[in-house]
Amino acid sequence: MSGISDSITESNKPLVKRVNRDLLKKFIASARADYIAARPKCFAAHEITGKSGNATGFLGGVPQHWMLDWSTPFPLQIKSAKGCKVTDIDDNELIDLCLGDTGAMFGHSPEIIASALKDAAENGLTTMLPSQYCAEVGQKLVEIFGLPYWQLALSASDANRFALRVARLATGRQKILVFDGCYHGAVDETTVYLDGRGKTSAKPSLWGSAFDPAINTYCVPFNDKEEIYATLMGEDVACVIMEPALTNCGIVPPKPGFLEFVVETAHKFGTYVLFDETHTLSSGYGGYCRINNLGPDLFVAGKAVAGGVPTAIWGISEDVKQRLDDARAVLPIGHSGIGTTLGGSLLQLSALYGSLNQLVTPETYDKMLATAQILEDELNKIISEFSLDWSVIRIGARMEIIFSKTIPQNAEEMRALFDHELEEALHLGLLNLGFLVTPFHNMLLAGPDLTKENILNYAQSVRQIIGQICD
Ligand SMILES: Cc1ncc(COP(=O)(O)O)c(C=O)c1O
């Protein structure tokens, strides 16, 4: 026997835990019952709003149908959300690690946004004219994100759609390139995936597309340099639209040098690169591109950028601006297909002014990254305590547990690891113990208000659940 084996006695041998499917099913059934028992008012409210009764009102009983995509028997109905806490109408208080799937990344209802809203309420919400904060907000965007020219939209979906139009007009090309597993919002031409035969196809779940979204889109596997090179060398792609790491099919990080390769290859063949940092704004101050010196041609961020007020920013480089100006010069006057009535409103500017000055700051990120580190360390401790074949993938303040020791390199590898039953158990179990995590792949976001005590309690809850579903 080697010295190492000798030193392992019965008492210090690591617990080797494996998920037991029977225990898992029992756990989910009892977690659902506990959820229902603790929430009579949420249940009643959902009945009234129409989901299971015959009442009319919101379709499916919710104002936005994604709110039914949680594994809970019926949705939580929220009474209030502040900092890193949400309280439902049954007065159950939850520590929030979902943060509105990033919309509240800088905390719920930050003071500065509350006063910006008050300011806008008193001084005007929308006029379709520039306002007192424009010059300063514009300068701040340049300072924080690097690109010289900016526009506002109401959502990241809109911003992506507008930025892609600009890339098409500026290059005179129709096609775009996306990565399998991507999500860039309700942007038709990005709603594709690589079907099992390696073909770019429309996502089968789409509602009522006006055209086949795959017509002008090449979809390639993330981290696959050869495919990218082979696709871009055809010189018909206007723009690569990408997140620096995939975050919408689980987190798939880029291999070292991959992003630089994409930018370099795109430029070699006359293609622009649009980095959509709506989620990777979690990386640190200025986002992933700034931290890693990536120099995007076009840039989009939405969700949290104005502290939860519906706003997205999109920026373009000097080169894109020049080519856009040339292309526009020969267009007749008329609709551009870019912009919406409430975009750039007084309300948005007021919120962005507050957010860029007081939320999107190095100090806020220092706090978030420090707590995220503690959270990651706690999760890794649990994984090794129970000898689980799991890992944690982290992009700044955002992280996920994956059920594998090997980090996936693309969406197909990630999809093979999905375990919806296990995710549901963790999600429901944590809810019952006072923690809200994102319904999709248990994504966790460490907001600036999260404390070490919150994290240690969360870790104990994870231990408690694992103890019940493994043998
Ligand atoms: C990377 C990315 N881009 C864009 C969007 C779309 O954002 P919104 O729904 O606010 O339009 C999302 C939404 O999850 C996203 O993850």
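Me: Which residue meets K303 in a salt bridge between side chains?

Reply: The model is a predicted one. In general, side chains of opposite charge can pair when their charged atoms come close. Here the N to O distance is 3.6 Å, and the cut-off for a salt bridge is 4 Å. The partner of K303 is D101.

Me: What is the mean pLDDT of the chain?

Reply: Of the residues in the chain, 95% reach a pLDDT of 70 or more. Residues 1-14, however, have a pLDDT below 50, and this stretch has four contacts in the model beyond near neighbours in sequence. Where pLDDT is low, the predicted coordinates should not be read in detail. For the chain, the mean pLDDT is 94.

Me: How far apart do the C-alpha centres of domain 1 and domain 2 lie?

Reply: The domain assignment gives domain 1 as 3-107 + 362-469 and domain 2 as 125-358. Their contact takes 29 residues from domain 1 and 32 residues from domain 2. The distance between the two C-alpha centres is 29 Å.

Me: Which residues of domain 1 lose the most area to domain 2?

Reply: The two domains bury about 2300 Å² between them, with 63% of it on carbon and sulfur atoms. On the side of domain 1, three residues together account for 24% of what is buried. These residues are Y365, I395 and Q409.

Me: How many residue pairs are in polar contact between domain 1 and domain 2?

Reply: Salt bridges between the two domains number two. By class, the side of domain 1 that touches domain 2 has 16 nonpolar, eight polar and five charged residues. For polar contact between the domains, the count is 10 residue pairs.

Terms used. Residues numbered from 1 in each chain as written. Predicted model: local features only at pLDDT ≥ 70, side-chain atom pairs only at ≥ 80, totals over all residues. Heavy atoms only, no water. pLDDT = per-residue confidence, 0-100. Contact = heavy atoms within 4.5 Å. Domains from an automatic or database assignment. Buried area = accessible area lost by both parts, 1.4 Å probe. Polar contact = N/O pair within 3.5 Å; in protein donor to acceptor, adjacent residues only side chain to side chain. Nonpolar A, V, L, I, M, F, W, Y, C, P; charged D, E, K, R; others polar.
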